[in-house]
Number of protein chains: 2
Amino acid sequence: MNGAHSLIRTLVDAGVEVCFSNPGTSEMHFVAALDDVTGMRGVLGLFEGVVTGAADGYARIAGKPAATLLHLGPGLGNGMANLHNARRAHTPVVNIVGDHATYHKKYDAPLESDIDALVSPLRGWVRRSESTADVGADAAAAVAAAQDAPGRIATLILPADVSWGEGGEACAPIPPRPAHPVTRAGVERVADVLRSGDSIALLIGGEACREAGLRAASRLAEATGAKVFAETFPTRIERGAGLPAVERLGYLAEHVEYQLQGVQHVVLAGTRAPVSFFAYPGRASDLVPEGATVHTLADVDDDAAGALTDLAELVAADTEPVLAEPSRPEVPSGPLTPQNWVDVIGALLPDGAIIADEANTSGLMLPTATAGAPRHDVLTLTGGAIGYGPPVATGAAIAAPDRPVINLQSDGSALYTISALWTQARENLNVTTVLLNNSAYAILRMELQRVGAQTDGKKANELLDLSRPDLDFAKIAEGMGVPASRATTAEELAERFARALAEPGPHLIDAIVPPLL
Amino acid sequence: MNGAHSLIRTLVDAGVEVCFSNPGTSEMHFVAALDDVTGMRGVLGLFEGVVTGAADGYARIAGKPAATLLHLGPGLGNGMANLHNARRAHTPVVNIVGDHATYHKKYDAPLESDIDALVSPLRGWVRRSESTADVGADAAAAVAAAQDAPGRIATLILPADVSWGEGGEACAPIPPRPAHPVTRAGVERVADVLRSGDSIALLIGGEACREAGLRAASRLAEATGAKVFAETFPTRIERGAGLPAVERLGYLAEHVEYQLQGVQHVVLAGTRAPVSFFAYPGRASDLVPEGATVHTLADVDDDAAGALTDLAELVAADTEPVLAEPSRPEVPSGPLTPQNWVDVIGALLPDGAIIADEANTSGLMLPTATAGAPRHDVLTLTGGAIGYGPPVATGAAIAAPDRPVINLQSDGSALYTISALWTQARENLNVTTVLLNNSAYAILRMELQRVGAQTDGKKANELLDLSRPDLDFAKIAEGMGVPASRATTAEELAERFARALAEPGPHLIDAIVPPLL
């Protein structure tokens, strides 16, 4: 078998079943090998940001990595923004980057670039396969490294001649390192804090935002009076009727200051101490209240859900979690507003939905509207690199073909990775995109004021404005093979949203919503 | 003045008049300053690959740099592919990357990443402004560094607090370093080679592909029998009636081997010795014929056009260049083919056109069809990172508002940076995009065979196919505010192309052309 065969065989044996791909010439042997080795599904993305974002979304739902296939440094560059988000999400990704043949690199051909330097900001695992005989072992190591708790980007750089050379050997899977268990002593130290009677905020993140962690956190809150918050941008948070409703920390520093006001102890479980998303003149970057003590129950590579459960057994043994009751908003009416569109979602959200949320300012009222909806998962923009929504929704739908995937997507961000729609059409994925079209980078209009750079200037406003011309996302979607419609009222949105959910395959609704601010 | 004011003032004073921008929160003071400082035009791109590609196209035509404005590491990542192309084009670009406030970086907020590592593959000039007082001097140094011959990416990393801080000082322009003149002795050494009577190939690149270099090369060819070839992917090559017609080296290694067959000396003027674009099993990477001697008349940072002129004075003093006669193909008829669509372009190309050529396989017969057309410039894909065409056409049109810009664009590549169409509409640019829609990554179908990985496999073919669903580029363009039409015959293409050229503003023609192979 050649190197490509051994690579794919090893990946499949380690449970990697999907390869999101945007190949070039140096990856052609990998592409050909997909037909020779059974078990690997190749999914084409028409831009590498789609490929890497889809791998992120897939892993968030599947709980195991997909592979990517990227073409040299420029392909990796195009994929970096969504790899950045995946890194911040601690998502496992097996990131395969093709390179020139080993002997060809010295000629500095046009596509030659320093892939090793380019990949370093991901602070993940990186290996360059130096010989065909090593590819299998390198691939097995990559899959394990990607899944070592809490998860990371494992990049395997694959020179073309190493791929096409003969003498490859498939390698058996290597078990990844699970999350560190938190010691009894560590749990007891925090138990003492919780018993102190002081004002406490319990901040949860990572795996602790899944059911077990949420239930334990709710029991702790009930028993001790601690406030519980999820981190601002969780990788995956479970929500809805029958689960504890946990508020997320706000995006705005002033919101977090309000949420944590008066808190004496901040207890961290699977997340880090809160910091401001950006710096603002005259405002603190560190959002831990002055004088408060930070206690780490579980770091991001620890078993936070297990630690929370152990803690609940210590200080809330007889306390049940408080679960959200089923409750939905009425289907609203009238022209779309920042409030009523979220009520449409809350009113009609199907059971078991996956929401890929990149609604940004348009979505500020979404959590309330969906708190009592049927149980669902929400995926969020963990790294702040916009254009995550359409690809992550695509990957989530590949991972869970029987669940409805809903991409709540702001207009400005959508344009970065819009060709994900084509992949949704190609793969006939059940993704409904609600495109929140307010014809602006509305968040930047707000930020322009928050950083104290308020201006009524024409040039500045031009750079934050998405009108002249208005974007017609229904036409763009249709051009990419996705059936689309337009909604300007809540009734229209409700009708089109229900229809999109009822029909198989992808749909897009261009929802004309005024800016929140 | 604050740091942003001093930055923009310094850029404008140094002749930088356009800033292609995709800002975020950390760049808001820069954005606000655009209204406070006169002379800088902000042009919004909806994706950073559009921003960087536009800066490349602008500089290729304007002969001086534009600035970019990018948001942190992810914004730079999105812009890297077209910066790679600009690097290979030796295009001057003042690449401004916003960063978190200096004191905020240690908090590792979600958008924090290692910008310095990410930028290093560009092998350009990099500086991080450490204090507001330095910004002006840093900016002046960046503009000079960008323009030091032969041109490069000069990246200025601008922390938010350095931008918003007071105490900025504008700085006077610093003269860039011009191209090194080639010594008399160096020219004479090559003159001896040309007089030898041996078989000689003269390869020209960079500035030597402009009129002065072309005329000198043609005189040398006439006087000595040397064959002249332009490099495979010139940054900007002048063509058409009244100029010497110079053949470009081929993309395929086997084509170059044919072009250089029997050559005993390869003389380089502003380019490097030819190498294969990719490695192929059993084929050489170095395309200099075996036994041939390579002579460097002028390196890429030397004055190649001047050296060629000096050389022509020595060995071709009495020889005139051979200039292409005006000649156009007939307007063809019938269903579009890889041959007749280029004849439509050749028949109707307006005087003074700028062609941004990313037609790839569809464009192989373009040079012949346009050789006798009115004088025009052709810009090419210098670095092989696809998605260069729409942004480069956008930037070229900003640089030359009175010239018709024609983007000959393959379908697969178009999707990487398709939102450039919106910027063309926003700025009402005279760009006509002829979208060569063959529903495939046709070049990869060819490459799959060339690398010896031939397969009839379904999975492999899926990854090279752009149908199911077909992309409707007319709808996509209309969704972005660009009037669009569709052509399936040569008559339709001719009618629509002529109409697009006659009407102001951007247009797109979705030309349904079968694959060449």
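Predicted model: local features only at pLDDT ≥ 70, side-chain atom pairs only at ≥ 80, totals over all residues.
A word on the ground rules: local features need pLDDT of at least 70, side-chain atom pairs count only at pLDDT 80 or more, and totals for chains, interfaces and linings use all residues, while side-chain values use heavy atoms, with hydrogens and water left out. Residues are numbered from 1 along each chain as its sequence is written, and chains are lettered from A and ligands numbered from 1 in the order in which they are written.

**How the two chains relate**

Turn chain A by 180 degrees, with a shift of 0.0 Å along the axis, and it lands on chain B with an RMSD of 0.0 Å. (Superposition here is by least squares on the C-alpha atoms of residues with pLDDT of at least 70 in both copies.) That is the relation of a two-fold axis. Looking at chain A, the C-alpha nearest the axis belongs to Ile476(A), 2.2 Å from it. Both copies use the same surface, since 100% of the contact residues of chain A recur in chain B; contact means heavy atoms within 4.5 Å.

**A helix pair in chain A**

Helices and strands are DSSP runs numbered from the N terminus (helices H or I, at least four residues; strands E, at least two). The axes of α3 (residues 48-62) and α4 (residues 72-89) of chain A come within 6 Å and cross at roughly 25 degrees. That makes α3(A) roughly parallel to α4(A). The cut-offs are under 35 degrees for roughly parallel, over 145 for roughly antiparallel and 65 to 115 for roughly perpendicular, with the rest oblique. Axes are lines fitted to C-alpha atoms, for helices over the stretch in contact, and angles run from 0 to 180 degrees between N-to-C directions.

On the α3(A) side, the contact is made by Glu48(A), Gly49(A), Thr52(A), Gly53(A), Asp56(A) and Arg60(A). Residues contributed by α4(A) include Asn78(A), Asn82(A), Leu83(A) and Ala86(A).

**The seven-stranded sheets**

Chain B has an open sheet of seven strands in the order β9-β14-β13-β15-β16-β18-β17, with mixed pairing. Two strands pair if DSSP finds at least two bridges between them. At the edges sit β9 (237-239) and β17 (484-487) of chain B, each pairing on one side only. Ignoring direction, neighbouring strands of this sheet are turned by 20 degrees against each other on average. Inside it, β16 (residues 431-437) and β18 (residues 507-512) of chain B pair in the parallel sense over six bridges, and Asn437(B) has Ile512(B) in β18(B) as its bridge partner. Helix α20 (residues 490-502) of chain B lies across β15 (405-410), β16, β17 and β18, running at about 155 degrees to β17(B).

Chain A has an open seven-stranded sheet too, ordered β9-β14-β13-β15-β16-β18-β17 with mixed pairing. There, β17(A) and β18 (residues 507-512) of chain A run parallel and are joined by four bridges, with Arg486(A) partnered by Asp510(A) in β18(A).

| Bond | Omega |
|---|---|
| Ala149(B) to Pro150(B), cis | near 5 degrees |
| Arg468(B) to Pro469(B), cis | about -5 degrees |

Pro150(B) sits in the loop between α6 (135-147) and β6 (153-159) of chain B, and Pro469(B) in the loop between α18 (458-462) and α19 (473-479) of chain B. Then there's Asn360(B), a residue other than glycine with a positive phi, near 55 degrees. Asn360(B) is in the loop between β13 (354-358) and α13 (366-370) of chain B.
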